[in-house]
Amino acid sequence: MTQTDIDTRLRNILTSTRVIGLVGLSHKPKRASYRVARFLTEKGYRVIGVNPGLAGQEMFGETVVASIADLPEETDMIDLFRRSEAIEPLVDEALAHLPNLRTVWMQLEIFNAPARAKAEARGIEVVEDRCPAIEYPRLIGAEALAG
């Protein structure tokens, strides 16, 4: 796959996604998960944090949930801020509970071949070792998503 093909694929994901379950959201502004959630919210996405320690608290206009199974069914992407070895059970949970899931996005330095294979077997896009807050400005620019 060429870089142009990869860029087209990522642009399509970023422009079609609307509801993101951000797994591993932190309430600390210095943490990457907090900064990425804030950025994505500012760009027009509905971002729902997943963190059992913060469940019930409001962040970025949404109530944080304890698990992927608690995300609303309209969630179409999960953005994973967890160690590579923790990814497979999270993807299993997403596949079981999110009927509208279209993308599994693993953050920088995160890879998991079994999770990738399971998601792709279900027709779900998988992105590894990338950050949407880096790819969005590179591929879309500074503007927020339309409607």
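Helix α4 is followed by Gly 123, whose phi is positive, near 80 degrees; helices (H or I, at least four residues) and strands (E, at least two) are DSSP runs, numbered from the N terminus. The structure is a predicted model, in which local features need pLDDT of at least 70 and side-chain atom pairs count only at pLDDT 80 or more, whereas totals for chains, interfaces and linings use all residues. Residues are numbered from 1 along each chain as its sequence is written, and side-chain values use heavy atoms, with hydrogens and water left out. At the start of α4 (residues 113-121), the backbone nitrogen of Ala 115 has a side-chain oxygen of Asn 112 within 2.9 Å.

Five strands form an open sheet in the order β2-β1-β5-β6-β7, and the pairing is parallel; two strands pair if DSSP finds at least two bridges between them. Because β2 (46-50) and β7 (125-127) each have a single partner strand, they stand at the edges, and one side of each is left without a neighbour in the sheet. Neighbouring strands are turned by 20 degrees against each other on average, direction ignored. Within this sheet, β1 pairs with β5 (residues 77-80) in the parallel sense over four bridges, and Gly 21 stands opposite Ile 78 in β5.

Helix α1 lies across β5, β6 (103-106) and β7, and runs at about 110 degrees to β7; axes are lines fitted to C-alpha atoms, for helices over the stretch in contact, and angles run from 0 to 180 degrees between N-to-C directions. Asp 7 lies in α1 (residues 3-16) and is buried, with a relative accessible area of 14%, where buried means under 20% relative accessible area (1.4 Å probe, protein chains only). Residues up to four places away in sequence not being counted, Asp 7 touches Arg 138 and Leu 139, contact meaning heavy atoms within 4.5 Å.

Beyond its neighbours within four places in sequence, Val 36 is in contact with Leu 22, Asp 79, Phe 81, Gln 107, Cys 131, Pro 132 and Ala 133.

How values were computed: A polar contact is a pair of N or O atoms within 3.5 Å; within protein, one must be able to donate a hydrogen and the other to accept it, and residues adjacent in sequence count only if both atoms are side-chain atoms. Buried means under 20% relative accessible area, exposed over 50%, partly exposed in between (1.4 Å probe, protein chains only).
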